[in-house]
Amino acid sequence: MKLICHIGTPKTASTLIQNSLDVTPEWLAERGLAYGKVLAPDANHITLFYACANTVHDFARDYGLHSMEELEAFRQKVSDRIAWHKDQLPDTIDTMIMSSENLTGNMHHPGEIDRLKTLLEHHFDDIKIVIYVRRQDDAILSMYGEFMRRGFSDDLFRDFVDVCLGPDSPTPYLYYRRELAKWVDIWGADNIIVRRFSTVDFIDGDILADFLGIVLDTWEPNLDGFLPSREDNRGLSAPMLELLRRLHPRIAFMQDGKPNPQRTLLTPYISQMPTHPRPVMAAGTARHIMRHFEPANAWLKDTFFPDLKGPFFPERPDHPEHGNLGQISEQEILDLTSELLSKIWIVNSNDL
């Protein structure tokens, strides 16, 4: 059986891909496809990362994993689950799909990648790795929004950029040469499919059409009857990000060294807040970020797109000179706070 293993990167519509595949099993089956079952609680196959990690990740403790011995036993359970799922499939299924951006977002050691290869090769005789790479300026802005939404930080955007470009970057996967070279060494470049995360490059300008085109090995995928998930992890508006940044000291993700239960309860309501006006960084900041990653992007071009004309990520001369991050008016504070409170009240009132 063939496997398409989608490894991210983070902030490239992975959630939309995963949720859409998870809710369309009949559509997939009609085309000889199945979305894998790997003991994951949702459509993100994060258990592949947990099972192959060098250490016990903090989030893995939710699975009752606290030691390397338990982790090794869990890896076997994941392997057994994959085998079980394959046995349940009809003979018409010839391709399985797995997906988790955590495989690039959190898996950085060659030993972890090699362990994943060993795990998957036990079940599949043809494996292709699919990765979407995004302009680093856009990706950092998107991750900043995630940090604000989740309550991970109260950094101003300019300070967050400095951290991302520093030695302890929370976005190490954006160093494409350093990170993807490990996958090339272990899997071989011929087994890795690299796609630019850009509507200009997507098949039909759509990420789902593009991904399914890769899976089905066609530039003209027929998506008739395919219903995308409505859950796509859309980012929040610029004023909402600034409101959350200012609220961070009071409702941070961590409290006394543990996840803050109040923040956990609030997160679903925050995710329903306005998405416009979209966050925009200043052109000078964008140029600064892209200059920093020039060597990584040149390696991407030379390794996977040697015939590409111009830089791997083109210049954007129409980028606005001034951004809108860190800005919020008193009226916007009142309006957004009222909207957030109303969402909480409506849900809680229904429980009365």
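Analyst: A residue counts as exposed when its relative accessible area is over 50%, and as buried when that area is under 20%. Both cut-offs are used below. The model is predicted.

Some background first. Most peptide bonds are trans, and most residues other than glycine have a negative phi. The places below depart from that pattern.

Start with the loop between β1 (2-6) and α1 (14-22), where Thr-9 is found. Gly-8 and Thr-9 are joined by a cis peptide bond. Its omega is about 10°. Lys-11 also has its place in the loop between β1 and α1. Lys-11 is not a glycine, yet its phi is positive, at about 65°. Is Lys-11 buried or exposed? Its relative accessibility is 17%, so Lys-11 counts as buried.

Now move to the loop between β5 (192-196) and α10 (207-216), which holds Asp-204. Asp-204 is not a glycine either, and its phi is positive, at about 60°. Its accessibility is 65%, so Asp-204 counts as exposed.

One more peptide bond belongs here. His-276 and Pro-277 are joined in cis, with omega about 5°. Pro-277 sits in the loop between α12 (261-270) and α13 (283-292).

To recap by loop: the β1 to α1 loop contains Thr-9 and Lys-11. The β5 to α10 loop contains Asp-204. The α12 to α13 loop contains Pro-277.

Notes. Residues are numbered from 1 along each chain as its sequence is written. This is a predicted model: local features need pLDDT of at least 70, side-chain atom pairs count only at pLDDT 80 or more; totals for chains, interfaces and linings use all residues. Side-chain values use heavy atoms; hydrogens and water are left out. Helices (H or I, at least four residues) and strands (E, at least two) are DSSP runs, numbered from the N terminus. Buried means under 20% relative accessible area, exposed over 50%, partly exposed in between (1.4 Å probe, protein chains only).
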